[in-house]
Each structure stands twice: as structure tokens, then as C-alpha cells.
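Subject: Structure for you to look through

Dear colleague,

Here is the structure I promised to hand over, and below it I have set out what was found. Please keep it open beside you while you read.

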Amino acid sequence: MYELIPIAQAPELDEEAGKRFAEEWPEFIFHDAGVKVFRDRRREFFLDWEFYLVTEERRLIAGCWGVPIAWDGTVEDLPGGFTGSLGRAVTSYEEGVVPNTFVLMAAAVRSDEQGQGHAGRVITAVRERAAAAGLDRMIAPVRPTLKSRYPLTDIGSFMSWTRSDGLPLDPWLRTHVRLGATLLAPAPVSQTMTGSVAEWEKWTGMLFPASGSYVIPDGLALLQIDRTADTGIYREPNVWMRHA
Ligand SMILES: CC(C)(COP(=O)(O)OP(=O)(O)OC[C@H]1O[C@@H](n2cnc3c(N)ncnc32)[C@H](O)[C@@H]1OP(=O)(O)O)[C@@H](O)C(=O)NCCC(=O)NCCS
């Protein structure tokens, strides 16, 4: 059987988790300046909201983390996305605002265990934890994994695409829907990554000889390169989902 444990209970897994889960993400994901300013406070305030899914023998299977925020339940009051949720969580904590909602920020399953329903186990277990802590709403700015094949399509259209069985075309959105989640709204600018042309070349393993728009590996949208200003900007679109 599997158990979801706070990471503080298993420091011996930190090194392995750091390696295994970092591999699951494109390098550019780690370069959102809006996230960096909150990183230390996030760890200080919300370490209890970071988990590992382990087997009985304490083999690492998956990880996830999230933050508590106050949300009035309307689409209008949703944060802008991933970075906005982090900002709201940290600021609200400092201001003493009582949270009522758990935002599931990220989940990753080790690559040799994917496709076996572990993500569902993680989501179900973390939802129970949140409810037990008095956070009776759970939302997530979901990164639709298949969107990287459709970087030209706007996120509002992409999230509406379904298969013949009526479930979302995207496998990760589909997992959430199967667990009872509903699609709330697109988050067209969930994160913003800015870097010099050289940095983008390093992060993507590509060259950008001219200014313009580029399709990049694992990018859900296009990268905009401006060689005159020596900058590249990528805006990561996500989908807001709400769990029952
Ligand atoms: C997205 C992720 C968490 C899903 O976890 P999981 O435990 O594999 O999920 P499931 O077993 O429920 O599979 C979900 C769906 O994805 C498909 N899938 C899983 N792994 C896959 C893979 N490596 N390639 C293609 N499809 C895959 C499954 O077939 C399933 O689709 P189905 O509806 O047709 O059955 C996992 O693939 C992962 O960690 N990815 C890297 C990190 C990431 O992108 N996280 C999501 C953003 S927060």
C-alpha cells in the first residue's frame, strides 16, 4: 500500500526526490522570477504542505506540494495562476488572513512509475489532508502535459477539446476530471519566464539566430525572442481546475 507523508518525515528521500522530480520538468520552468522572491518564505511557512507518496518499504513514488489561500469560490477571485497563487498564499500568511482553499501547485510521479494511477492516489490523499485541516476547497493551476504538442493553440480552446468519450484530450486534465474535478477557467499567464537570449539557448538546447516566435521543447506556448533587447519571454498557460 501507499502512504502520503510530509517531506519533513523522510529527509532521507530528499536527495532522490530532488533528482528524480527535477528530471520531469523542462529547465525553463525553474526560471520564473516571480516565484523566486517567494521561494524561501514558501518553505518556511508551508513546509507541512509538501509531501512524498511512498510504499510501505518507503520507496519514493511521487511528490506534490501546494499552498493554502483564501478564495471566495468565484472565477473572478482566482489568482492569475501558479505564481499568483504563491504570492497570495505568502502575503495572506503574513497578513494573518485565514485560508479556506488548498491550491495543489505541482505533482510529479517518478518516470518508471507513470501511467499506473499514482497521480490519482496523490490527489485523493492530499485532498483528504486539506479537508482535515479545514481547507474545504481544492483547486489547481494544472499544466496540461499534451499542450506542448499544440503550442499555437490558445489555452481556452485547448482545454475545451475532448475525446469521443467526452473526457479531455489532455491526459493530465483527464486524470483530474476522472477524480471529480471540473474545468474552471483558462490561466493564460500562469507563469512568466524571462531571460537573455544566451540563457534561453542554454535552457532549451536551441539556437535563436533572429528575433521572432519559436516552438521550444516542452513549451506549452511560444517563446518570444527579441535579439535587439537581448530578451526572451515565455508565458506558461495553465488550466484552473476545482476538485469536489
Ligand atoms: C502528469 C503525471 C503527474 C501523471 O501521473 P501518473 O501517475 O502517470 O498519472 P496516471 O497514471 O493517472 O495517468 C494519467 C494519464 O496520463 C497517461 N500517461 C501517464 N504517463 C504517461 C507518459 N509517460 N506518457 C504518456 N502518457 C502518459 C496515462 O495513460 C493516463 O491517460 P489515460 O487517461 O489514457 O489512462 C506524471 O506523468 C508526471 O509526473 N509528469 C511529469 C510532471 C508533470 O508534468 N506534472 C504535471 C504538472 S503539475
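Leu4 is buried, because its relative accessible area is 5% and buried means under 20% relative accessible area, exposed over 50% and partly exposed in between, with a 1.4 Å probe and protein chains only. Before going further, please note that this is a predicted model, in which local features need pLDDT of at least 70 and side-chain atom pairs count only at pLDDT 80 or more, while totals for chains, interfaces and linings use all residues. Residues are numbered from 1 along each chain as its sequence is written, and side-chain values use heavy atoms, with hydrogens and water left out.

Leu4 sits in strand E1 (residues 2-6); helices (H or I, at least four residues) and strands (E, at least two) are DSSP runs, numbered from the N terminus. Not counting residues up to four places away in sequence, Leu4 touches Phe51, Tyr52, Leu53, Val122, Ala125, Val126 and Arg129, where contact means heavy atoms within 4.5 Å.

**Around the ligand**

Of the 20 residues around the ligand, Val109, Gly115, Gly117, Arg174 and Arg178 come nearest, and a residue is near a molecule or strand if one of its heavy atoms lies within 4 Å of it. The shell divides into eight nonpolar, seven polar and five charged residues; here Ala, Val, Leu, Ile, Met, Phe, Trp, Tyr, Cys and Pro count as nonpolar, Asp, Glu, Lys and Arg as charged, and the others, Gly among them, as polar.

Strand E4 (101-109), helix H5 (118-132) and helix H7 (171-178) each supply at least two residues of this shell, and H7 gives the most, with five. A polar backbone atom of Gly115 is 2.6 Å from an oxygen atom of the ligand, and a backbone N or O atom of His118 lies 3.4 Å from a ligand oxygen atom.

**Helix H7**

Within H7, the residues Trp172, Leu173, Arg174 and His176 are buried. The buried residues of H7 pack against several elements, among them E4, H5 and strand E5 (137-142). After H7 comes Gly180, whose phi is positive, near 100°.

**Two serines in loops**

Ser211 lies in the loop between helix H8 (197-204) and strand E7 (212-214), and counts as partly exposed because its relative accessibility is 43%. The side chain of Ser211 reaches the backbone nitrogen of Arg227 at 2.8 Å.

With best wishes

Conventions:
A polar contact is a pair of N or O atoms within 3.5 Å; within protein, one must be able to donate a hydrogen and the other to accept it, and residues adjacent in sequence count only if both atoms are side-chain atoms.
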